[in-house]
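User: I have not looked at this one before. Can you walk me through it?
Analyst: Go ahead and ask; the structure comes up below.

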Amino acid sequence: LEAEAAAAIAAAADAEALAQVTQNFTGKKGALTGVMKQLGSLTPEERTAVGKAANTFKAKLDELLAAKEKQLTESKFASLAETEFLDLSVTPPEFSQVRGGVSSGHTHPITQTQRRLEAIFTSMGFSIVDGPQVEDDYHNFGALNFTDDHPARDMQDTFYTVTGHLLRTHTSTVQIRALESMKPPLRIIAPGRVFRYEEVDASHEHTFYQMEGMIIDRKVSVGNLLHLMQTLLTEVFGREVDVRLRPGYFPFVEPGFELDMKCLVCNGAGCSVCKHSGWVEVLPCGLVHPNVLRSAGLDPAEWQGAAFGLGLNRLVMMQHGIEDIRHFMAGKLEFLRQF
Ligand code: FA5
C-alpha cells in the first residue's frame, strides 16, 4: 500500500489530483479507511500489530502529501512569476498614444481657466485671497446684509453641519474675510469651491466653483465694475462676447446686476444648459452695499466698493461648449483629456 501511495502522490500534477489521492487512501471509501474498519474483526494481537502498521503508514502518507503540496505550490508561484510579472519600464499601450508616448497629466479645465484669470487679475494689482469652505452664518450671510429672516437666505439652499456651521454657498464670504484682515484701498479675487443643497441638472451642481472679485477704494463706480468684467470675459474668450446686463438683487450690493452671456453651447438657439432661454447667468455683480462697509468698520462716506461673483463652471462651459455641468466632477478621462 505504501509503494502504491508514494507512486500516486508522485504522479499528482496539481492540487486537485493530490486531493483525489488523499481521498483514495483516507476518504470514506479509502484504502486505509478499509483497513481500519476491519480492526474489529481481528484478534487483540492482530489488532495491535495492524493498528500500529496503519498508524505508521498514515504518518508516512501525511509526510508525503505535505511534501508534494509544498512542491506544487512552489512550482505554481514560479510559473506565475514567469507569466504575470510586471515590467514597469514598458509604456502601456493605452498611454503610448498620448503625446508621443510620454503620458503627462494636466490640470482640470476649471483650474486652467482659474489660473488664467488669476494671472490677468494679479497683473492688474489684485491679490488672491482664500477663505474656509466650512463657514459660519456671520460670514456667509450676516455680514453680507442678510437679516435673520431675510427671504434671500432661501435663494441659496444651504448645507448645515451638526455643529451649526455651514458649507459656504458663495465666495462672497471672502469679501468679509478680506475686509477683516486687509486695509483699504484693496483689490482682491477669491476663487474657490462652494456648495448648495441643489437639485443637480445640466446647469446646476451641488458643488461648484466661483471666483469673487472686489475692489474697495475712495471712488468706485459702475463704470469700473463693467470695465473689470469686460476685461475678464475678453481674456477668457479672446474676443468680444454677447452679454446682457439686467438689474439683479443681492442684499450685499446696491445697485446689483446680473450679467448673462449668450449661450455658446447652442449659440442662443436654446438648450438644456440655458434652459432654452439662449442666455446663461455667469456674472452677478454690483456696488458694495453701505451696510457691508459699515459692518467692516469702514465709513461709506469715505470708501466705496464694487464686487462680482463669477460662476466658474458655467463660464468654462461657455468657453469649451460643454453641454452638461456634471462632466466636471465625473472623473472621466475621456472628458478630461480633451482640454
Ligand atoms: C452669488 O452667489 C453672489 N454671491 C454673487 C455676487 C457676488 C453678486 C458679488 C454680487 C456681488 P448667484 O447665486 O447668482 O450669486 O451665483 C453666482 C453664479 O454662480 C451664477 O451666476 C452661476 O453662474 C453660478 N451658480 C449658481 N448656482 C450654481 C449651481 N448650482 N451650479 C453651478 N453654478 C451655479
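**Ligand and loops**

Analyst: A nitrogen atom of the ligand lies 2.9 Å from a polar backbone atom of Glu205. This is a predicted model.

User: Which polar atom of Arg196 lies 2.9 Å from an oxygen atom of the ligand, side-chain or backbone?
Analyst: For Arg196 it is a polar side-chain atom. Glu281 also has an atom 2.9 Å from an oxygen atom of the ligand, and that one is a polar backbone atom.

User: How much of the ligand does the protein bury?
Analyst: The protein buries 96% of the 680 Å² that the ligand exposes when taken alone.

User: What kind of space does the ligand take?
Analyst: The ligand takes the space of the largest pocket.

User: Which elements give two or more residues to the shell around it?
Analyst: Those are strand 5 (207-217), strand 8 (279-288) and strand 9 (304-311).

User: And which residues come nearest to the ligand?
Analyst: There are 25 residues around the ligand, and His170, Ser172, Arg196, Glu198 and Glu281 come nearest.

User: How do the shell residues divide into nonpolar, polar and charged?
Analyst: The shell has 10 nonpolar, 9 polar and 6 charged residues.

User: Where do Pro185 and Pro255 lie?
Analyst: Pro185 is in the loop between helix 8 (173-181) and strand 4 (186-195). Pro255 is in strand 7, which spans 253-262.

User: What about phi? Which residue other than glycine has a positive value?
Analyst: Asn145 is one of them, with phi near 75°. Asn145 sits in the loop between helix 7 (137-140) and strand 3 (166-167). His276 is not a glycine either, and its phi is positive at about 60°.

User: Where is His276?
Analyst: His276 is in the loop between strand 7 and strand 8.

User: Is His276 buried or exposed, and why?
Analyst: His276 counts as exposed because its relative accessible area is 61%, and exposed means over 50%.

User: Val265, then. Where is that found?
Analyst: Val265 is in the loop between strand 7 and strand 8.

User: Why is Val265 called partly exposed?
Analyst: The relative accessible area of Val265 is 27%, so Val265 is partly exposed. Buried would need a value under 20%, and exposed one over 50%.

User: How far apart are Val265 and Ala3?
Analyst: Val265 and Ala3 are 262 residues apart in sequence. In space they are 82 Å apart, C-alpha to C-alpha.

How values were computed
Residues numbered from 1 in each chain as written. Predicted model: local features only at pLDDT ≥ 70, side-chain atom pairs only at ≥ 80, totals over all residues. Heavy atoms only, no water. Near = heavy atom within 4 Å. Polar contact = N/O pair within 3.5 Å; in protein donor to acceptor, adjacent residues only side chain to side chain. Areas by Shrake-Rupley, 256 points an atom, 1.4 Å probe, with all protein chains shown as cover. 1 Å grid on protein atoms, 1.4 Å probe; cavity = no way out; pocket = protein on both sides within 12 Å on 5 of 7 lines; lining within 4 Å. Sits in = over half its atoms within 2 Å of the grid points. Helix = DSSP H or I, 4+ residues; strand = E, 2+ residues; numbered from the N terminus. Nonpolar A, V, L, I, M, F, W, Y, C, P; charged D, E, K, R; others polar. Buried < 20%, exposed > 50% of the residue type's maximum accessible area, 1.4 Å probe, protein only.
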